Amino acid sequence: MEISVIAAMGMNREIGKDNDLMWHLPNDMKFFKDTTKGHHIIMGRKNYESIPLAFRPFKNRVNIVLSRDKNYDAPGCVVFDELSRALGFSREGGETEVFIIGGEQIYAWALREGFVQHIYLTHIEGEFPGAHAHFPEFDASLYSRELILEQGVDERHAFGFKTYKYTLV
Ligand SMILES: NC(=O)c1ccc[n+]([C@@H]2O[C@H](COP(=O)([O-])OP(=O)(O)OC[C@H]3O[C@@H](n4cnc5c(N)ncnc54)[C@H](OP(=O)(O)O)[C@@H]3O)[C@@H](O)[C@H]2O)c1
């Protein structure tokens, strides 16, 4: 099973503020949905709670939430208190590529472990002051990088972005 991370960040690695995103970029959201559709997705409890009620759990995906609270209830989701248990669940379920979808604490934890094979990372061409959550620094020299999506500023996108797929070499 491949273990992947998917994220979008600003020019200062910003990923969120007040438990919310800081931009509205429909084509990045579409990329996220298309890429993760049909897969297991693993998220931190705060990320889960930041998803509007109408959209959670994400449809057509197995939603896995991480919380140290063993009694945490996330309707329609599977809850684990350790990333290793969540990964074991996905592996045993026959998953071929599991996606770690954030937030900061969960990204940091996964990248520290060194088992992330792919990072789908959207680099947004904008700065977002006051961010509370950031994408962790990682050793890019360990990864090859392929540009897979490019979006310019238009009436639906206040910021351009480039999405790269990083693959562990
Ligand atoms: N731009 C992006 O691509 C992107 C993607 C996702 C999220 N975000 C943003 O990121 C922010 C949230 O990130 P965050 O770092 O504050 O929170 P988070 O990583 O989403 O969730 C943190 C929670 O996960 C649980 N957790 C953390 N480490 C754990 C461990 N070792 N074992 C078991 N459970 C563990 C804990 O839940 P308990 O407290 O319940 O124990 C912890 O409070 C939001 O602003 C969100 O919008 C951005």
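**Exercise 1.** What radius of gyration does the protein chain have, and what would a compact globule with 169 residues have?

*Solution.* The model is predicted: local features need pLDDT of at least 70, side-chain atom pairs count only at pLDDT 80 or more, and totals for chains, interfaces and linings use all residues. Residues are numbered from 1 along each chain as its sequence is written. Step one: the radius of gyration is taken over C-alpha atoms, and the globule rule is 2.2 Å times the number of residues to the power 0.38. Step two: for 169 residues a compact globule would be near 15 Å, and the protein chain has 15 Å, which agrees. Step three: the C-alpha trace spans about 40 × 40 × 25 Å along its principal axes.

**Exercise 2.** State how many helices and strands the protein chain has, and their order.

*Solution.* Helices (H or I, at least four residues) and strands (E, at least two) are DSSP runs, numbered from the N terminus. The protein chain has four helices and ten strands. Along the sequence the pattern is β-β-α-β-α-β-β-α-β-α-β-β-β-β.

**Exercise 3.** Find the buried residues of helix α3 and the side they lie on.

*Solution.* A residue is buried if 20 or more other C-beta atoms lie within 10 Å of its own, exposed if 12 or fewer, and partly exposed in between, with C-beta atoms placed from the backbone. In α3 (residues 83–92), A86, L87 and S90 are buried. They lie on the same side of α3 because they cover an arc of only 95° around the axis, taken from the directions from the helix axis to the C-beta atoms. S84 and E92, on the other side, are exposed. Just after α3, G94 has a positive phi of about 85°.
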